[in-house]
Amino acid sequence: MSRLVVVSNRVAPIAEGKPTAGGLAVGVFDALKQTGGIWFGWSGDIVDGSTPPDTVHKDTRDNITYATVALSRTDYDQYYRGFSNGMLWPVFHYRPDLARYDRREYAGYCRVNRWLVERLKPLLQPDDILWVHDYHLLPFARACRQAGIRNRIGFFLHIPFPAEPVMATVPPHRELMEAMCAYDLVGFQTDSDRRAFVDYVCRRLGAGRRGDRYVEIGGHRIGAGVYPIGIYPDEIRELSLKHNRSRQITNLKQGLQQRRLMVSVDRLDYSKGMVERFTAFERLLEMTPAHRGQVTFVQIAPPSRSDVEQYRRIRRQLESAAGSINGRWSDLAWTPLRYINKSYDRSLLMSLFRASQVGYVTPLRDGMNLVAKEYVAAQPEDDPGVLVLSEFAGAAEELGEGALLVNPYDADGMAETLDRALTMALPERVARHRNMLARLTENNLSRWRDRFLSDLQSETVTPEVVA
């Protein structure tokens, strides 16, 4: 049986009792722990200077070998902070106005991809299957082929893939897309992302379509499939019960004094739509006086990429907006908005979801958004809360019939939807929750992993059918 080798920018083992990691880390860890294998990538360590150490640190826990490397300060600045998050992240989230291009950073991005391949190559066996993840590693397969690696290599993009005209705002877009064509299989969260990729390679690179799920360029056939990442609903439910009677949750419930609770959990990022979310919450208080003093909104937003100016700016905007809302609407017995910049243990967050009446998940653009799925899975089936979900999150394709979909650019529309969520009758809440939970159970994380790896190994891309 072939061994699975997962490659991602960051290797982030998830340990019990530690703060929750991002969606990629959670999804990769949960998938890899079922199969075993190697997880290779950056450890998160940065060393001074322009030359990173060649040492690969290996640590085996259970059936996973974590193989990690450190980055030099130069490589971190150019590859990670520069081109990956200063150029690709905003463009792929349809914000080219926030993108910053520097040729040296792009050169560093390509150099680090080649350097990572050199570190990985000695660890590989001839029949290993390589599964590469996310936008930091778009040219990784091309670097593998140039290094003589002939293994099957698949790529999964966790974030959105932009439409062709938006992708073209990345100056080296053609070179990047040619490099992506070295993969054997590329996977996306939604069909719109897959179509955007296929449209680009066909229109700009002259690739030929081979059925609905293949393109061919230079004699190489590339599978392009849709693999929406999932969760394990039963595991989320167990986590939600773990801290249900903890001091933190008990104190929160007592402090609410029977008020309704709305919850949002996001990494601090401009793509998450938190400024727009705060605006819509204030509009709710303006438009519907009955909710004043009767609903509390908790926004948890752990800081990220604090060395990037756009992230410092969004934090200042949110702090200002939160202060303005609380200054205007608070009274001696009620604070409408609790804005918290810290990480919490994953199981505590699931218990917080379970205790809330509304899950408020409204990114401006998101590849999938596992928080939306976790919120649904954490709810008590006999008295579930309501998911208010952005139509621009990938999760909307699966959960649209049960969630209340909103346009995050429409503050009045979101406020009206929040009012509907807060006042929805129990029978409708139960029916909507049952619909969403059935989809999450059918399209769980194992299905995501198994479909992708089966397609990669068999060279046959199966159609995605949402139950």
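This is a predicted model: local features need pLDDT of at least 70, side-chain atom pairs count only at pLDDT 80 or more; totals for chains, interfaces and linings use all residues.

Me: How many bridges join strand S11 to strand S14?

Reply: Two bridges link S11 (residues 260-265) with S14 (residues 358-361), and these strands run parallel. Look at Met262: opposite this residue stands Val358 in S14.

Me: What is the order of the strands in the open sheet?

Reply: Read across the six strands and you get S13-S12-S11-S14-S15-S16, with parallel pairing. S13 (337-340) and S16 (404-406) are the edge strands, as each pairs on one side only. Ignoring direction, neighbouring strands in this sheet are turned by 20° against each other on average.

Me: Which strands does helix H10 touch?

Reply: H10 (residues 274-287) packs on the sheet and touches S11, S12 (295-300), S13 and S14. The direction of H10 makes about 175° with that of S12.

Me: Okay, and how do I describe two helices that pack together?

Reply: You give the angle between their axes and the distance between the axes. Here, the axes of H6 (residues 173-180) and H7 (residues 191-203) come within 11 Å and cross at roughly 110°. Angles of 65 to 115 degrees count as roughly perpendicular, so H6 is roughly perpendicular to H7.

Me: Which residues in H6 meet H7?

Reply: On the H6 side they're His173, Arg174, Met177 and Met180, and they meet Phe197, Tyr200 and Val201 in H7. Sort the residues of this contact and you find five nonpolar, one polar and one charged.

Conventions. Residues are numbered from 1 along each chain as its sequence is written. Side-chain values use heavy atoms; hydrogens and water are left out. Axes are lines fitted to C-alpha atoms, for helices over the stretch in contact, and angles run from 0 to 180 degrees between N-to-C directions. Helices (H or I, at least four residues) and strands (E, at least two) are DSSP runs, numbered from the N terminus. Angles under 35 degrees count as roughly parallel, over 145 as roughly antiparallel, 65 to 115 as roughly perpendicular and the rest as oblique. Contact means heavy atoms within 4.5 Å. Ala, Val, Leu, Ile, Met, Phe, Trp, Tyr, Cys and Pro count as nonpolar, Asp, Glu, Lys and Arg as charged, and the others, Gly among them, as polar. Two strands pair if DSSP finds at least two bridges between them.
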